Amino acid sequence: MARFVRWYGSGPLHLLVLIASFALTGYAMVRLFAVQPWEVAIWFIGAAILHDLILLPLYSLADLSALSVVRHRAADASDRPTVRWINHLRVPAFLSGLLLLVWFPLILRLAEPYPGDTDLSDSVYLGRWLAITGVLFAASAVAFAVRLRRVRRRGDAEGRPPAGHGTAL
C-alpha cells in the first residue's frame, strides 16, 4: 500500500473516485455530443475563453486590490491581534458571483421563456439575488467577528497579543 501511495500520490480510493468521475464525464459528453455537437463545442470554447481571458483577470485584480488596501492599513494596527480576514471576503464574493453566473439571464431579465414556465415574474430574481448576497456577506462578517473576538480574548488572557499578530491576511 505504501508503495502505491508513493507511486500514485494518494490512496486507491482517490484513484477509484477519479476514474468514476472521468467515466461519468465521458458518458455525459457522449450523450451531449450525440444530440447537439456544435452547440456543445461552442459552449465549451466560449466558456474557456470567457473564464481565461475575461473573468480570471477580473477576479484576480479584485483580490489583489483588496489585499493592497489592507496592507496599507495594516501598519497602523500592528499592536493589535488580528485574524486572517481575506477568506471571509472571498467566500461570499465567490458564492454570490457563482449564483450570478448561473442565474444571470433571470437576474438581468434577459430570459424570455422562463417567466411563463415558472409562473414567476422576472422582477423577483434581482431582489432575491441581492438578498442572498447580503446574507452571505453578513454571515461571513459574523463569523469573522466571532473569530476576532476569540483571538483577542486569548491575547488578553495571556497579557500579550497572540503569535502571528499584525499583518495577518
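## S140 and its contacts

Setting aside neighbours within four places in sequence, S140 touches H88, L89 and P92. The model is predicted. S140 sits in helix α6, which covers residues 124-158. Its relative accessibility is 10%. That is under the 20% limit, so S140 counts as buried.

Helix α4 spans residues 86-107 and has 22 residues. Its end C-alpha atoms are only 27 Å apart. A straight helix would reach 32 Å at 1.5 Å a residue, so α4 falls short.

Where does α4 bend? The bend is at L101, by about 55°. A proline, P105, follows within four residues.

## R109, after the helix

R109 follows α4. It lies in the loop between α4 and α5, the latter covering 113-118. Phi of R109 is positive, near 60°, and the residue is not glycine. Most residues other than glycine have a negative phi.

Is R109 buried or exposed? Its relative accessibility is 51%, so it counts as exposed. The cut-off for that class is over 50%.

## The nonpolar core

Which residues make up the largest nonpolar core? It has 5 residues: L106, I107, A111, Y125 and W129. The elements that give two or more residues to this core are α4 and α6.

In soluble globular proteins, nonpolar side chains tend to be buried together.

## Aromatic pairs

The structure holds 3 aromatic pairs. In one of them, the ring centres of F4 and Y8 are 5.6 Å apart and the planes meet at 25°, so the pair is stacked. Both residues lie in helix α1, residues 2-8. They are 4 residues apart, about one turn of the helix. An α-helix has 3.6 residues a turn, so residues three or four places apart point the same way. F4 is partly exposed, at 25% relative accessibility. Y8 is partly exposed too, with a relative accessible area of 24%.

W43 and F44 form an edge-to-face pair. Their centres are 5.2 Å apart, with 80° between the planes. W43 is exposed, at 57% relative accessible area. F44 counts as partly exposed, at 38%.

F4 and Y8 also belong to a cluster. Together with W7 they form one aromatic cluster.

## The chain as a whole

The protein chain has 6 helices and 0 strands. From the N terminus on, its elements run α-α-α-α-α-α.

How much of the chain is buried? Of its 169 residues, 15% count as buried. The accessible surface comes to about 12900 Å². Carbon and sulfur atoms account for 69% of that surface.

Contacts between residues at least 6 apart in sequence tell how the chain is joined up. Among them, 56% join residues at least 24 apart.

Technical notes. Residues are numbered from 1 along each chain as its sequence is written. This is a predicted model: local features need pLDDT of at least 70, side-chain atom pairs count only at pLDDT 80 or more; totals for chains, interfaces and linings use all residues. Side-chain values use heavy atoms; hydrogens and water are left out. The bend at a residue is the angle between axes fitted to the seven residues ending there and the seven starting there. Buried means under 20% relative accessible area, exposed over 50%, partly exposed in between (1.4 Å probe, protein chains only). Contact means heavy atoms within 4.5 Å. Rings of Phe, Tyr and Trp (its six-membered ring) pair if their centres lie within 6.5 Å; planes under 30 degrees apart count as stacked, over 60 as edge-to-face and the rest as tilted. A nonpolar core is a set of buried Ala, Val, Leu, Ile, Met, Phe, Trp, Tyr and Cys residues joined through side-chain atoms within 4.5 Å. Accessible areas come from the Shrake-Rupley method with a 1.4 Å probe; for residues, only the protein chains shown count as cover.
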